[in-house]
Amino acid sequence: QAFEEEKNAVLDLALEARGGGSLDASAWAAMPFGEYAERYVERRIGVISPASTANERRYLKYAKATIGPIPLKELVAEDVERCVLAVPRLSEEWALEKRRREEENRERLRREGKLKRRAPFSPVRVAGPAMQSKVLKFVREVLNDAVDREHVGRNVAKKRFLSKSFRKGRPLIDPLMEDEAGMFLEKASSLPLGMTKVAVLVLFSTGMRPEEMLALRVGAFVPAGEGGDAQVRIVAAQRAGRIENYTKSDSSMRTVPLDRYTASVVEAWIEEKRRSLDEMGLVLRSSTPLLGETGNPWSYNSFKKRWNAFVRKAGFAGTRPYALRHTFATINLARGGQVYVRLPRRAERHPQQRPQQPQGRAGVCDPLPLQRVHQGHHPVRHCRGGVLRRQVPRQRFQHRGTVHVPEGGREADPLHPQRPQGRAGTVTPFPS
């Protein structure tokens, strides 16, 4: 009987996905919101990535704990507000309950003599405004689906007071200062040849995303030719532990030059990887991941553990891998380069407001020569088209620094390529 009920539930979900469910509109409207939201998440499995499905299940847990029993047709905006306000409290309760189970398990292992190390527990993390905004967005998406299927007449989660009370968090822009970047590079260059050194140098000198760095293959590295620079092709990203190639129309595909020092480290690492694979009877191919053991890509969790150990020992504890991408873009702006930022949709609808693109290929940069790392030369780029591609509105870009305006001049805007740098004013993003 349980088997039949399970198969019937799967069949109902399949019929609902085709728009031919067995329930009428009144039955759907009387369904509890928690059950309706759960069906919504199940329908999207396979359509969205596994990571997005896991996030939606996390948001669903908060919704079911507060407004799950309320019928869909009786849900009001105040119920949604109560659900969002309960996120920090529920998060703390669940985190403390998990910590209690971990302490009980550690005590049991201690009594059994199986506890080898007693590392202190990390502080309890409690969800804040960012999670509240995500839960509100999830409830809105569920109710939008209900409105589209004509199960309810309107989306009560779109009330204006909800949008004003629970705003979406701004992106964190945390670049290193120029002197900090020099010290960071010096610490990175002193590392022994290995995956950690290659990963840190590539992130620092190319401005690529961490997931793109972990997806690099041996064939993506192009050695320097006669009179040219070494390059690395960014054509894929690591998602859910797998390397997924960008589509042909994806603007994230780009080619970035490497400075001579980073290129020499990458070449030495490829030769070391070739020797280690030869000893195991394996062949190094162009599709072999640049970072990782044998043929498997390096996982983000493993990389993050080594990153945390490196930045803690180097005196930069708390620095995120993504901060190197922001450092790359900020130093580019300071040296007169231009970083292309995607325009909001408002500018796409009004072409006359769209700034002109600078000459040159988008995403291709000219590297400054890096003679010796210990002399303070940093692998910084003067970009034509840039490498930082973030779809953030202009007012959300937090540029760290001051703008010096000469008499009779106007402020220089580093985000608009059609305004020449150095004429109306000069940008100094680092304090003297």
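Visitor: At what angle do α5 and α7 pack, and how far apart are their axes?
Guide: In this predicted model, α5 and α7 pack at about 145°, with their axes 9 Å apart. Their crossing is right-handed.

Visitor: What makes the meeting of α5 and α7 a contact?
Guide: A contact needs heavy atoms within 4.5 Å. Val80, Cys83, Val84 and Leu85 of α5 meet Gln132, Val135, Leu136 and Val139 of α7. By class, seven of these residues are nonpolar, one is polar and none is charged.

Visitor: Why are α4 and α6 called roughly perpendicular?
Guide: Their packing angle is about 105°, with the axes 11 Å apart. The range for roughly perpendicular is 65 to 115 degrees, so α4 and α6 are roughly perpendicular to each other.

Visitor: Which residues of α4 and α6 meet?
Guide: Lys61, Tyr62, Ala65 and Thr66 in α4 meet Val87, Leu90, Ser91 and Trp94 in α6. This contact has five nonpolar, two polar and one charged residues. Lys61 is the charged one, because Lys belongs to the charged class.

Visitor: How do you know that the length of α6 is close to what is expected?
Guide: Helix α6, residues 87-112, has 26 residues. The expected span takes 1.5 Å times one less than that number, which gives 38 Å, and α6 reaches 38 Å from its first C-alpha to its last. After α6 comes Gly113, with a positive phi near 75°.

Visitor: What makes a residue of α6 buried?
Guide: The relative accessible area must be under 20%. Val87, Leu90, Ser91, Ala95 and Arg99 are buried. The buried residues of α6 pack against α4, α5 and α7.

Technical notes. Residues are numbered from 1 along each chain as its sequence is written. This is a predicted model: local features need pLDDT of at least 70, side-chain atom pairs count only at pLDDT 80 or more; totals for chains, interfaces and linings use all residues. Side-chain values use heavy atoms; hydrogens and water are left out. Helices (H or I, at least four residues) and strands (E, at least two) are DSSP runs, numbered from the N terminus. Buried means under 20% relative accessible area, exposed over 50%, partly exposed in between (1.4 Å probe, protein chains only). Axes are lines fitted to C-alpha atoms, for helices over the stretch in contact, and angles run from 0 to 180 degrees between N-to-C directions. Angles under 35 degrees count as roughly parallel, over 145 as roughly antiparallel, 65 to 115 as roughly perpendicular and the rest as oblique. A crossing is left-handed if the near helix is turned anticlockwise from the far one by less than a right angle, and right-handed if clockwise.
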